[in-house]
Amino acid sequence: MDIQEYKGIFIFVQQVDNKIAGVSFELLGKAKELAKDMETEVTAVLLGYNVSGLCNDLARHGADKIIMVDNKALEVYATEPYAHSMYNVIEKYKPAVVLYGATAIGRDLAPRVSARVKTGLTADCTKLEIADDGTKNLRMTRPAFGGNIMATILCPEHRPQMATVRPGVMQKIKPIEGATAPVEKFDLEIGADHQNVQILDVIKKVSNKMDIQDAKILVSGGRGMGCPENFALLKDLADALGGTVSSSRACVDAGWVEKDIQVGQTGKTVRPNLYIACGISGAIQHLAGMEESDVIIAINKDETAPIFEVADYGIVGDVTKILPLFTEEVKKAMA
Ligand code: FAD
């Protein structure tokens, strides 16, 4: 393999029902930064059916170029037609780097593509940078050994260098109004051989809860809340502040709350304006998901709890006593 032949950064654009996933914009933002260091350009790879209407939005978020595979077989995500399409795009255009969101779709797709193009894949990266040793290799950093160390992984002998990144980790750029990018249509035959699954029906889970990744204020509870009933105290404070309740993994594992509100390495990465950690010790796997929050307040009865090391404000005491007082004060201030 002549790795010099491989150029450019490609982003797999995840779209469902012609709506682009936020993580794809975040990856475009990061790619723009990496492209500067690599002296190359950013290409968005858009797969789907009747998706040309999405191209301008990709350009506004940093794509210099778009490769579009528009095919009825790509209308709803299915592993084989998508893996076949990405494989063919990579074989034809030979990108140096390909990034995917670490979503259910990205996690299904990226390993299959990496096996087909015979390259490596680093999953769940939290940091991406270009090596400044002249090689311009991609340095892919991710938590390893249960989050106790950060491992930086290279793929120096194979191309493309591929990584998945979880939603919320990278930041999208401020949209460039009026930006456009050339669109190259890549026609690909997706025959019966590549459609080994037939989707009969799509049933969507309806939820009226706000996604914790979109919340500006999170009131988060840990094992120190004592019991699931005490989560009502968090809800009261969240309601008073106009925020949302989230949780540590301990409470999810105990069956107190649903997994979709878990913050951390195996939950969601959040970056709210305000994160209030209540009865959470601050394990490294929890911090990995929230330490980028603008302001962190921690309430814990143990003054040596590691959460206080990342907190901007700390309250040492019993959450069940402090939370009602906190809520009362907020309500008074808001009245
Ligand atoms: P604990 O660590 O038990 O802490 C409870 C805290 O509450 C203590 O600090 C205690 O002093 C305080 N407390 C107790 N009673 C009160 C009270 N009445 N008032 C005030 N404070 C009180 N964890 C996550 O959160 N998210 C993840 O995504 C995640 N992923 C993981 C992935 C791996 C591979 C592994 C190995 C672990 C992962 N964990 C994750 C688990 C993590 O290591 C911790 O076990 C977990 O975060 C602990 O949750 P906690 O802080 O709620 O509970």
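Student: Why is His 61 called buried?

Tutor: Buried means under 20% relative accessible area, exposed means over 50%, and partly exposed is in between (1.4 Å probe, protein chains only). His 61 has a relative accessible area of 7%, so it counts as buried. Bear in mind that this is a predicted model, where local features need pLDDT of at least 70, side-chain atom pairs count only at pLDDT 80 or more, and totals for chains, interfaces and linings use all residues. Residues are numbered from 1 along each chain as its sequence is written, and side-chain values use heavy atoms, with hydrogens and water left out.

Student: Where does His 61 sit, and what does it touch?

Tutor: His 61 is in the loop between helix H2 (55-60) and strand E5 (65-70); helices (H or I, at least four residues) and strands (E, at least two) are DSSP runs, numbered from the N terminus. Contact means heavy atoms within 4.5 Å. Leaving out residues up to four places away in sequence, His 61 touches Phe 25, Leu 28, Gly 29, Lys 172, Ile 173 and Pro 175.

Student: What makes Pro 175 buried, partly exposed or exposed?

Tutor: Its relative accessibility is 33%, so Pro 175 counts as partly exposed. Pro 175 lies in the loop between strand E11 (161-165) and strand E12 (183-185). With the neighbours up to four places away set aside, Pro 175 touches Arg 60 and His 61.

Student: Which residues of helix H5 (residues 231-241) are buried, and what covers them?

Tutor: On H5 the buried ones are Phe 231, Leu 233, Leu 234, Leu 237, Ala 238, Ala 240 and Leu 241. Their cover includes strands E13 (217-221), E14 (244-247) and E15 (274-278), plus helices H6 (249-253) and H9 (319-334).

Student: Zooming out, how many helices and strands does the protein chain have, and how do you know how compact it is?

Tutor: You get nine helices and 17 strands. The radius of gyration, taken over C-alpha atoms, is set against the globule rule, 2.2 Å times the number of residues to the power 0.38. For 335 residues the rule gives 20 Å and the protein chain comes out at 22 Å, which is close, so the chain is as compact as a globular protein of that length. Of those 335 residues, 50% count as buried.
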